[in-house]
Amino acid sequence: MSTISCFIVEDDPQAYGYASSIIEKHNNITILGNSDSIHEAANLIKKLQPDFIILDVFLSDGNAFEFLALFDTIDFKIIFTTSYAKYAIDAFKFSALDYLLKPYEEKDLMLALHKVSENIHKENYQLQLNTLLQNLSSNETSKKIVLKNADAIHVVKTEDILYAKSDNNYTTFLLTNTKEILVSKPLKSFDEKLVNHNFFRVHQSYLINLLHISSFNKRDEEVILNETYTIPVAQSKKRNLIDFIENHM
């Protein structure tokens, strides 16, 4: 296994010591250096060119996103860490980027190190980072979500999703332009991400965008999206859906 290099950006000495002690157990990972300052770290990383970095979201002289703005291009992978449970979690999930919530267990960092080693040479990482930064800087309700499959990485506005349909461990997204995107993840994982962004699980197999509801057929227990697409509604979901339509539309 080839050796890869790492740089740690962390302003908590105890957190740095903990992370470095775990990394040192990996014979194929070399720590090139560390810094507790975003500007010093940026200069050192540009000089040392590590394969990946461990980056604390909040530092004493700025945050991770101010740090990333110091680079014209990001040619290294990133393991984000943060002490703030609610901060930016949706943005990370929507961008398909991982983060570690402090205090994390050794096995969590070990898993992150394994994933970064596996993906060290994969392309399109800049696209995911751009999506993360756009979601964090945007005050709009609509967000962008990264949908990855074997063919491509798709960056999609949530408002452009009509519905998502489950197919065992796969999910098919139908967009407003009729494009379909098949993703090798179960519907449940997207339900958890999108539930607070105008999406509702109306059926075991369907997650719909509430913004595109045209009508609800009570007799057939079906919801119509964009006056075209008929989606079944489970009996257990019927009351909540009707309440939403009556109170928010």
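The side chain of T171 has a polar atom 2.7 Å from the backbone oxygen of K185, a polar contact (N or O atoms within 3.5 Å, one able to donate a hydrogen and the other to accept it; residues adjacent in sequence count only if both atoms are side-chain atoms). This is a predicted model, where local features need pLDDT of at least 70, side-chain atom pairs count only at pLDDT 80 or more, and totals for chains, interfaces and linings use all residues. Residues are numbered from 1 along each chain as its sequence is written, and side-chain values use heavy atoms, leaving out hydrogens and water.

**Around T171**
- T171 sits in strand β11; strands (E, at least two residues) and helices (H or I, at least four) are DSSP runs numbered from the N terminus.
- T171 counts as buried because its relative accessibility is 0%, with buried meaning under 20% relative accessible area (1.4 Å probe, protein chains only).
- Beyond four places in sequence, its contacts (heavy atoms within 4.5 Å) include I181, V183, P186 and F190.

**The open sheet**
- Here 5 strands line up as β12-β11-β10-β14-β13 with antiparallel pairing, where pairing takes at least two DSSP bridges.
- At the edges, β12 (180–183) and β13 (199–203) each pair on one side only.
- Strands β10 and β14 are joined by 3 bridges, and Y163 stands opposite I208 in β14.

**The nonpolar core**
- The largest nonpolar core has 24 residues; such a core is a set of buried Ala, Val, Leu, Ile, Met, Phe, Trp, Tyr and Cys residues joined through side-chain atoms within 4.5 Å.
- Among the members touching the most others are I53, F67 and F80.
- Beyond four places in sequence, F80 contacts residues including L55, F92 and L132.

Terms used
Buried means under 20% relative accessible area, exposed over 50%, partly exposed in between (1.4 Å probe, protein chains only).
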